[in-house]
Amino acid sequence: MEPSPTAHSLLLAATDHNLPALRSLLKSQTPNVQDPTTLRTPLHLAIAAFESSPPPPNNTTNGNGDGIKVDELSLPPLEKAERTLQLLLQNGAIWNSLDTNNETPGCIAHRLGLNSLYEIMVDAGVRAELLFGRLDGYMALGDDDDDEEEEEEEEEDVEVEGEEAPELVSEDKKEEETALDKAAEEAIPVTSDAYLSSKLEIDDDKILDEDKNGVMMSWESHIMSLTVQHLTPAKRILNIGYGMGIIDNHFQSTTPAPTSHHIIEAHPQILEKLSTSEISKRPGVVIHSGRWQEVLPKLINSNSEADGEELLFDAIYFDTFAEDYSQLKLFFTEYVIALLSPEGKFSFFNGLGADRQISYDVYKKVVDIDLLEAGLETEWVEVPVDSKKMEGDGEWKGVRRKYWDLEKYWLPVTKFIG
Ligand SMILES: C[S@@+](CC[C@H](N)C(=O)[O-])C[C@H]1O[C@@H](n2cnc3c(N)ncnc32)[C@H](O)[C@@H]1O
């Protein structure tokens, strides 16, 4: 089907980075039109315009901010493209729609190495995720009329990085699926309950659930080892999710050995393995059976009732399976705050969105902001991952879905601000 003449003009103006034409077309036209063959939106096209001829680097200053008016049409190509993206986004363009090549606009910018355009798309993703995250929160408050009115007022007030928030109530936006939703849907085909009652396949190099989803794989060992290096020395340790016991073994190998090492695990088969492991016999190891959501409130309760020394941890690690971002956020906003010692460090397996670079980068920024809001500051350590070698070695053979497809892992090391 041919796009309407105005939609066609919009797609063309985006490809040409024709800012005056775009401004005029956007007065009456949504920026979320798609080329019917490629499903590319104006955002895709504004970036893909460089597919056949890369832009020269931006080396001139523009008139923005220095009081000099410039002719937009004579700006350097990359700067025109940057302004095109900003204009489309300000008018409500959806940042993460997919074309027939399974690429978002940001994926194209990443593939072409167009860093400034990629960063614009990442920031757009972060803004959308933050707004959606908050919107979800507001919706959970209840659905009586008063609440709705309050929500609308608050939504209108939201500003991100000094910029007017995009319209939250537009139809386009309501239908927009967030990157985190997408990542979560793809990455978590099972619910936590279904996973915890499923029969696992436990091998030396991996654990798979009933549907062959990778629960834990030995290629993550170097990440676990480095995580321990960054979290220790630590006397008192709390680990959520035993899995293959890789990180717990690393914690136990540190010198001096931890004085107390609590492990929370919920899956019966993993618990059985843990109960007969070497680790379970080590001094100071305490195993808690059950979901952390049920175990931790009791632990905190016993803390407040204890006459003696309060139970705090110098290192906390979180790595579960079949749980979405809301659970990780709940963990650090409620429990890390209560259980981390003032000088302690917290980390988690940072794997959400890891099958698509832009989702991973958006998620990293969102989680960084959420951690800050919870009073925690994060240092991100870059860890190379040889994804190509893993592919060559057949690492993913027998695993239903490759949950990791990136060359770089960002290891979070988080502590209380100040
Ligand atoms: C990815 S593995 C952990 C791997 C571990 N970091 C290692 O080094 O081997 C995830 C573990 O979390 C456990 N788990 C999942 N949901 C949980 C929950 N709500 N509470 C406690 N443990 C949970 C799973 O059974 C699994 O053993």
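These notes cover the ligand site and one proline of a predicted model.

1. Basis. The model is predicted, so local features need pLDDT of at least 70 and side-chain atom pairs count only at pLDDT 80 or more, while totals for chains, interfaces and linings use all residues. Residues are numbered from 1 along each chain as its sequence is written, and side-chain values use heavy atoms, with hydrogens and water left out.

2. Shell. The ligand is surrounded by 24 residues, the closest being Tyr195, Ile247, Glu265, Asp319 and Glu323 (a residue is near if one of its heavy atoms lies within 4 Å). By class, the shell holds 13 nonpolar, 7 polar and 4 charged residues; here Ala, Val, Leu, Ile, Met, Phe, Trp, Tyr, Cys and Pro count as nonpolar, Asp, Glu, Lys and Arg as charged, and the others, Gly among them, as polar.

3. Polar atoms at the ligand. Tyrosine 195 places a polar side-chain atom 2.7 Å from an oxygen atom of the ligand. For glycine 245, a backbone N or O atom lies 3.2 Å from a ligand oxygen atom. Glutamate 323 has a polar side-chain atom 2.9 Å from a nitrogen atom of the ligand. Of the 600 Å² of accessible area that the ligand has on its own, the protein covers 99% (Shrake-Rupley method, 1.4 Å probe).

4. Proline 105. This residue lies in helix 5, residues 105–111 (helices are DSSP runs of H or I, at least four residues, numbered from the N terminus). Proline 105 counts as buried because its relative accessibility is 0%, buried meaning under 20% relative accessible area with a 1.4 Å probe and protein chains only. Its C-alpha atom is 8.2 Å from that of threonine 41, 64 residues apart along the chain.

Key:
A polar contact is a pair of N or O atoms within 3.5 Å; within protein, one must be able to donate a hydrogen and the other to accept it, and residues adjacent in sequence count only if both atoms are side-chain atoms. Helices (H or I, at least four residues) and strands (E, at least two) are DSSP runs, numbered from the N terminus. Buried means under 20% relative accessible area, exposed over 50%, partly exposed in between (1.4 Å probe, protein chains only).
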